[in-house]
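Student: I have the model open and want to go through it piece by piece. Can we start with how the terms are set?

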Amino acid sequence: MKNKSPLPIYTSQSDPDGKLLAQPSDISIRKHKVNTQFARNVYIETYGCQMNVSDSELMAGILTQAGHHTVANIDEADVILLNTCAIRENAETKVINRLEHLNHRKRREGNLIIGVCGCMAQHLRDKLLEAAPYVDLVMGPDAYRNLPMALNAVASGDPFLGLQLDKSEDYADIAPIRKEGIRAWLTIQRGCDKMCTFCIVPFVRGRERSLPLKLLTDDVQRLVDEGFKEIVLLGQTVNSYHDGDNDFGELLWRIAEVDGVERVRFTSPHPADATDSMIDAMENCPQVCKQLHLPLQSGSTQVLQRMRRTYTAEQYRDLVSKIRDRIPQIAISTDVIVGFCEETEKDFKQTYNLMEEIRFDSAFMFKYSDRDGTLANKMLPDDVPEEEKARRLNEIISLQEKISGEINQSKIGTTVPVLVEGDSRRDSDQYHGKTDTFKTTVFPKDNAQVGDIVNVKIQSATAHTLIGDIVT
Ligand code: SAH
Ligand code: F3S
């Protein structure tokens, strides 16, 4: 397989918090020979969603351009940057615990620089230095351009705070440094203007801004030339993308037209922006995968109103029907929050019933976590007891496990195209890959190569995995 560059790869798999396969993933790049005496070895550890993974790639690009190195092995680092998530309280607790651990090493080594970047940095601001006074730099998502300057500044011993949100910052001129692989994440939009009452994102990532369409299609061409097969477009409300008269549907078409693109996906769209233009592109453009992650949040219209989601349960249900009518083979997944402010048992049952009725392929499910600074935190009582939140969460998790299992079982005997991603984690004689509908599939290698699309006949299935054999 032709690929970007012969870079070492390193990924750790522990689960920090949250969705979208949130994994700390570590960016590593080849060391460049540079003759600056301040060149540092930087280790970047990523928490949270794919947007953070993409931002870490950006940070690696900025640091490398400035002559620093990013390293795969934390023991080689003299700078450790945690790129953090603030979406739920336990995401932040995890980082505080990690910082305490890193501080032991700092006390031993003396000259270790520790930085906290991303959403939690922007959320806690200088309060982070009260909780962890040994932190050297605190930088929000719009401040990464200042990273090289910050690394020089902290050498004086004073902490550096970069917390300005900047609607004009899109990092359009920065070349991210990506991990090797077949799937590339491409940020097409930053920030969010939706202001759901439970959500911290608009406060820590600022106003919505879209990157220019031409720049994105050029990026995709470059990614394809580097060997990537699948492009995943990223944005907080990815389908509100616009560049002049070009909307998200147009962008999907234009990206799919780039010579050599095999698959295009995106995450996460907002139901209120699921226009016919988007649905048309999903239906008619062969490269656009038949998979949609469509966050529901609640099945109760009253709760949706308190969340300011701007749609009702009926509108969501109708939207799913319309999409399924147009694209019958589509897989739809979702996000659900239970125990939001003033959620009654009746509200919860409506969520449960809607999930049972719609039968999502999969779902990320969360207990509501009150976040300082959000509209709900200011205006609504967080009044569902913790045990009750846990009970509701467990109920929908059991329901979803059953449904996901049944949907996957129904694929037994069918043959599905799978893009080969690499060795299966459990067995190096097997590959794993994803179907067009984003289902993880495991199968014996045969003579297939990573990056191939192979036909796999499904022999068995669990709630999370399809298992089969390559057929010709
Ligand atoms: N539009 C973004 C949403 C980011 S947050 C995207 O999906 O890319 C991801 C999910 O976290 C949300 O859809 C929501 O289900 C959940 N979430 C957000 N804020 C939360 C909170 N305060 N408590 C619990 N879950 C939350
Ligand atoms: Fe958050 Fe709602 Fe935007 S969930 S990211 S405010 S669409």
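Tutor: Helices (H or I, at least four residues) and strands (E, at least two) are DSSP runs, numbered from the N terminus. This is a predicted model, in which local features need pLDDT of at least 70, side-chain atom pairs count only at pLDDT 80 or more, and totals for chains, interfaces and linings use all residues; side-chain values use heavy atoms, with hydrogens and water left out. Residues are numbered from 1 along each chain as its sequence is written, while chains are lettered from A and ligands numbered from 1 in the order in which they are written.

Student: How many residues does H12 have, and how far does it reach?

Tutor: H12 covers residues 345-358, which is 14 residues, and reaches 20 Å from its first C-alpha to its last. That is close to the 20 Å expected at 1.5 Å a residue, where the expected span is 1.5 Å times one less than the number of residues.

Student: Which residues of H12 are buried?

Tutor: Asp347, Phe348, Thr351, Tyr352, Leu354, Met355 and Ile358. Buried means under 20% relative accessible area, exposed over 50%, and partly exposed in between (1.4 Å probe, protein chains only). These residues cover an arc of only 165° around the axis, so they sit on the same side of H12; the arc is that of the directions from the helix axis to the C-beta atoms.

Student: What covers them?

Tutor: The cover includes helices H10 (301-307), H11 (313-326) and H14 (386-409), along with strands E17 (331-338) and E18 (362-367). Contact here means heavy atoms within 4.5 Å.

Student: Back to phi. Where is Tyr171, and is it buried or exposed?

Tutor: Tyr171 is in the loop between strand E8 (160-162) and strand E9 (183-187). Its phi is near 55°, positive in a residue other than glycine, and Tyr171 is buried at a relative accessible area of 3%.

Student: And Arg308, what is its phi?

Tutor: Phi of Arg308 is also positive, near 55°. Arg308 lies in the loop between H10 and H11 and is partly exposed, with a relative accessible area of 42%.

Student: Which residues does the cis peptide bond join?

Tutor: Thr267 and Ser268, with omega about -10°. Ser268 is in the loop between strand E15 (263-267) and helix H9 (276-284).

Student: Switching to ligand 2. Which residues are around it?

Tutor: Cys192, Lys194, Met195, Cys196, Phe198, Cys199, Val201, Pro202, Gln236, Thr237, His270 and Arg309, each with a heavy atom within 4 Å of the ligand. Cys192 is buried, at 9% relative accessibility.

Student: How many disulfides are there?

Tutor: The structure has 0 disulfides, a disulfide being a pair of cysteine sulfur atoms within 2.5 Å.

Student: Last one: what does Gln297 touch?

Tutor: Not counting residues up to four places away in sequence, Gln297 touches Phe198, Leu304, Met307, Arg309, Tyr311, Asp335, Val336 and Ile337. Gln297 is in the loop between strand E16 (291-293) and H10, and is buried at 6% relative accessible area.
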